[in-house]
2 protein chains.
Amino acid sequence: MESYEFLLIIAIILLSTKTFGVLSSHVHMPQVVGALMAGIILGPSCLGVVKETDFLLKTSELGVIILMFIAGLDTDIKELKETGLTSLVVAVLGVIFPLIGGFAAYMAFFADSFDKITVLKGVFIGVVLTATSVSITVETLMEMKKLNGKVGTVILGAAIIDDILGIVSLSFLSGFTDVNANPYMIFTKIGGFFVFMVVVGFAIHYIFRKMEDAVGTKRRVAIYGFAFCLILSYISEKFFGIADITGAYFAGIILCNIAKTRQYIAKKMTVSAYLLFSPIFFAGIGIKTDLHGLNSRFMLFALVLLIIAVTTKILGCGLGAKLCGISTLDSLRIGVGMVSRCEVALIVAEKGMQAGLIDRAVSPAIVLVVIMTTLFTPVMLSFVMKENESEKVTPNNIKYTN
Amino acid sequence: MESYEFLLIIAIILLSTKTFGVLSSHVHMPQVVGALMAGIILGPSCLGVVKETDFLLKTSELGVIILMFIAGLDTDIKELKETGLTSLVVAVLGVIFPLIGGFAAYMAFFADSFDKITVLKGVFIGVVLTATSVSITVETLMEMKKLNGKVGTVILGAAIIDDILGIVSLSFLSGFTDVNANPYMIFTKIGGFFVFMVVVGFAIHYIFRKMEDAVGTKRRVAIYGFAFCLILSYISEKFFGIADITGAYFAGIILCNIAKTRQYIAKKMTVSAYLLFSPIFFAGIGIKTDLHGLNSRFMLFALVLLIIAVTTKILGCGLGAKLCGISTLDSLRIGVGMVSRCEVALIVAEKGMQAGLIDRAVSPAIVLVVIMTTLFTPVMLSFVMKENESEKVTPNNIKYTN
C-alpha cells in the first residue's frame with residue numbers, strides 16, 4: 001500500500017458512514033445504524049474495498065476511548081441521585097435478566113460442557129446484552145420531546161447506571177481473561193484499580209478545578225483532559241489488566257462535575273469524535289464483520305438472541321419499575337425505552353473477541369442484534385408513547401380512542 | 001510495542017507540547033516554538049523516549065494536511081484583492097531574495113559541481129526560506145493590536161501570497177523529484193493539475209454552496225469538507241505527482257468564499273488539529289531531528305542560513321514596499337513582519353527529505369533557523385513597531401523620543 005493510500009480510505013469511510021447516517025435519519029433511525037451498515041458494505045461481507053490496517057485499528061481504538069470519555073463526561077451525577085432508587089432497581093433487574101438470558105442462549109446453542117472457558121464465553125454474551133445505549137435512548141426521547149417527565153428521567157438514570165454496570169462487568173471479566181491469573185490476584189487488581197481511581201480521581205479533580213479557577217476554559221484544558229484520559233486508559237490496561245475504555249470512562253466521571261471544564265472538554269472531544277474517530281470506529285466494526293459466516297445455525301442463534309435481548313430488557317426493567325410503584329403502562333414504556341443497545345454492546349463484543357472469549361463467528365450475530373434493537377426501539381417507543389397523548393385527551397384513561 | 005503503548009505516547013506528546021507551548025506564550029513567543037522544542041526534547045537529540053512509528057507518521061501526515069486545509073479555508077480572497085499590487089510586489093521580492101540567498105548558501109557550503117541534483121538541492125533550501133508563516137505574523141500583530149492599518153494589511157496580503165508561491169514552488173519541485181520523468185511530462189502534469197483543480201473546484205464549490213442553502217451548517221458539512229480535502233490530497237499525489245498538502249490547500253481555497261461553510265469547517269478542523277494532529281505534527285519534526293548531527297560545519301551553515309533568512313526577507317520585502325511608494329520606516333516594518341517562518345518551511349523541508357533532496361544532516365540546521373526566526377520576529381516587531389507610538393505623540397516624526 002502506498003504511503004498516501006490511507007487518505008483515500010479515510011475519505012471513503014467518512015463519506016459512506018455520513019451518507020448512510022443521513023439516510024438513516026431520514027427514515028427516523030439513529031445515524032449510528034447507517035454507520036454500521038456502511039462498514040458492513042465496505043467490509044468483507046459485501047464490497048471488500050477496505051481492509052484492516054494498523055493505522056485503522058489504532059484510530060478505531062482511539063475512537064472508542066474518546067466515546068467512553070465523552071460518556072463519562074456526560075454523566076450527570078446530580079440527576080442520577082434524583083431519580084435514585086427507581087432507576088437503580090430498573091437498571092439492576094434490566095441487567096440481570098438479559099445477562100441470564102444471553103448466558104442461557106449461548107449455553108443452549110454452543111456449550112458441550114460447563115468448564116471455566118465455556119462459562120466465561122456464555123457470561124460474555126450475557127454481558128453484551130446488558131447495557132442500554134444512553135445516546136440512542138436520549139436521541140429517540142429528545143426527538144419525541146419526552147426526555148423530561150418521570151418516564152424519561154427514570155430511563156435516563158437507569159441507562160446511565162446500567163452503562164456503569166456493563167463497564168464494571170466487563171472489567172471483572174477482563175480480569176478473568178488471563179487464564180494463568182488466580183482469582184485472588186484478579187480481585188486484588190480490581191480492588192487496587194478502584195482505590196487508585198479514587199485517589200487519582202480526587203487529585204486530578206482538584207487540579208482541574210484549580211485550573212478552571214485560574215484560566216477558565218482554554219484549549220489547554222481540553223488537551224490536558226484528553227491526555228489525562230489517555231494516561232488512565234493506558235494505566236488501566238498496563239497495571240491493572242482492566243480494559244482501557246474503563247479507564248477512559250472513569251477519566252470522564254472524574255471531571256464530570258466541574259461544570260465549565262466538563263462542558264468544554266466534552267464539546268471539543270465530540271467534534272474530534274464525529275469528524276474522524278467515531279466513523280472509523282463504527283465502520284471498523286462492520287469492516288471486521290464477515291456476514292458470510294452467518295450460516296443457518298448462527299442465523300437462528302442471532303434470532304433467538306434478538307428475542308432474548310428485547311424481551312429480557314422489557315421484562316426486567318418493567319418489573320423493576322413496577323416494584324417501585326410505577327403504573328403498568330409507564331413500566332412498559334420504561335422497559336421499551338431500555339431496549340436499544342449500541343456502543344457499549346459493540347465495545348464489550350470487541351473486547352470479548354480480543355480476549356478470545358467471543359468467537360469471531362458469533363460476532364455477526366451480535367452486530368445483527370445491535371442493529372435490530374437499535375431499529376426496533378424508536379419504532380416501539382413511538383407506539384407505546386403515543387398513547388400518552390390519548391391519556392392526556394381522555395383523563396379517565398380510556399385507551400385506544402382515536 | 002504493546003498494542004496500548006501508543007496511548008501513552010500520544011499523552012506524552014500532548015502534555016509536553018502544550019506545557020512548552022504555554023511556557024513559550026509566557027515569554028511572548030508563539031506556542032508552536034514550544035511544541036517544536038518539546039519534540040526535540042522527546043526525540044533522539046535529548047531524551048529519546050519517543051520513536052517514529054507508522055501510526056505517528058500517518059497521524060502527523062494528517063496533521064499537516066489539516067493545517068494546510070485550514071490555511072486554505074482562512075484565505076481571504078477579498079482582502080487579498082484590496083491590498084493588491086503592493087502585497088504582490090512585497091511577496092514576490094520577498095520570495096526571490098531568500099530563494100537566491102538560500103540557494104547560494106547551500107552551493108557555497110556543499111556543492112562540488114552544478115549537476116541537476118545538486119542544483120535541485122540548493123533550490124530546495126532556497127524554497128524552504130521563502131514562505132512567511134501567516135499564523136505567526138497574524139498572532140504577533142494581533143497581540144500588538146496592529147493587525148489593521150496599512151502595514152498590517154500589506155503584511156497579511158503578502159504573507160498569504162508568499163505562502164501560495166511557496167506551495168507552488170514546492171509543487172514544481174515535487175514534479176522534478178522523479179529523476180526519470182522528462183520536463184515535458186512534468187509541465188503537462190502540473191498544467192493538468194491546475195486544469196483539474198479549476199474544473200473540480202467549480203463543481204465542488206457549487207455542491208457545497210447548494211448544501212449550505214439546503215442544510216446550513218450541520219456536521220455533515222464539516223465531514224464532507226474533510227473527506228473532500230483528503231480526496232484532493234490523494235489525487236494530487238497519485239495522479240499528478242504533486243504534494244498531498246498542495247491538494248489540501250486547494251481544497252481549502254475552493255471552499256474559502258462560501259461564508260458560513262468555510263467558517264464552520266475551519267472551526268471544526270481547528271479543534272481536531274489542536275487536540276491531536278498539530279501537536280503530533282510539530283513534535284514529530286523534533287522527534288525526527290537529531291541535533292547531535294550538528295557538527296561545527298553544519299552549525300556554521302545554520303548560522304549563515306539564519307542571517308540570510310532574516311536579511312533577505314527584510315531587504316526583499318522592504319524594497320518591494322519602497323518600490324510601491326511606502327515610507328522607509330513602514331517598509332522596514334513590513335520587512336521585519338515578514339521574517340518569521342514556520343509551518344510551510346518545515347513542511348517544505350519535510351517534503352524535501354522525503355524526496356531525498358534535503359539531507360537529513362541539514363534538517364537540524366533548518367529547524368534551528370525556523371525556531372530562531374520565529375523567536376526573532378516578535379522581538380524585532382515590538383521594537384520597530386514601538387516607534388509608531390512616538391510618531392503619534394510627535395507628529396513631526398522626531399524619532400527616538402521617549
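Leaving aside neighbours within four places in sequence, with which residues is Arg220(A) in contact? Under the criterion that two residues are in contact if their C-beta atoms, placed from the backbone, lie within 7 Å, Arg220(A) is in contact with Lys18(B) and Val22(B). The structure is a predicted model, in which local features need pLDDT of at least 70 and side-chain atom pairs count only at pLDDT 80 or more, while totals for chains, interfaces and linings use all residues. Residues are numbered from 1 along each chain as its sequence is written, and chains are lettered from A and ligands numbered from 1 in the order in which they are written.

The model scores ipTM 0.76 and pTM 0.77. For chain A, the mean pLDDT (the predictor's confidence in each residue, from 0 to 100) is 82, and 85% of the residues reach 70 or more. Over residues 392-402 of chain A, however, pLDDT stays under 50, and the model has 6 contacts beyond four places in sequence for this segment.

The secondary structure of chain A comes to 15 helices and 0 strands, where helices (H or I, at least four residues) and strands (E, at least two) are DSSP runs numbered from the N terminus. Of the 402 residues of chain A, 56% count as buried; a residue is buried if 20 or more other C-beta atoms lie within 10 Å of its own, exposed if 12 or fewer, and partly exposed in between, with C-beta atoms placed from the backbone. Among the contacts in chain A with a separation of 6 or more, 79% are accounted for by residues 24 or more positions apart.

The contact between the chains takes 32 residues from chain A and 32 residues from chain B. On the side of chain A that touches chain B, the elements that give two or more residues are α1 (5-26), α3 (54-73), α9 (219-240) and α11 (259-288) of chain A, and α9(A) gives the most, with 12 residues. The residues of this side divide into 22 nonpolar, 2 polar and 8 charged, where Ala, Val, Leu, Ile, Met, Phe, Trp, Tyr, Cys and Pro count as nonpolar, Asp, Glu, Lys and Arg as charged, and the others, Gly among them, as polar. A rotation of 180 degrees with 0.0 Å of shift along its axis superposes chain A on chain B, with an RMSD of 0.0 Å, the copies being superposed by least squares on the C-alpha atoms of residues with pLDDT of at least 70 in both. The two copies are thus related as by a two-fold rotation axis, and the same surface serves both, since 100% of the contact residues of chain A recur in chain B.

Helix α9 of chain A is also the place of Arg220(A), which counts as partly exposed because it has 19 C-beta neighbours inside 10 Å. α9(A) has 22 residues and reaches 31 Å from its first C-alpha to its last, close to the 32 Å expected at 1.5 Å a residue, the expected span being 1.5 Å times one less than the number of residues. This helix is mostly covered, with 18 of its 22 residues buried, and is followed by Gly241(A), whose phi is positive, near 65 degrees. In chain B, 18 of the 22 residues of α9(B) are buried, so that helix is largely enclosed by the rest of the structure, and just after α9(B), Gly241(B) takes a positive phi of about 60 degrees.

Leu36(B) is one of the buried residues of α2(B), a helix that is mostly covered, with 11 of its 12 residues buried. Leaving aside neighbours within four places in sequence, Leu36(B) is in contact with Phe282(B), Ile285(B), Gly286(B), Val367(B) and Ile371(B).

Val384(A), found in helix α15 (residues 363-393) of chain A, is partly exposed, with 18 other C-beta atoms within 10 Å. Beyond four places in sequence, Val384(A) is in contact with Leu332(A), Arg333(A) and Val336(A); Val384(A) and Val336(A) are 48 residues apart in sequence and 8.1 Å apart in space, C-alpha to C-alpha.
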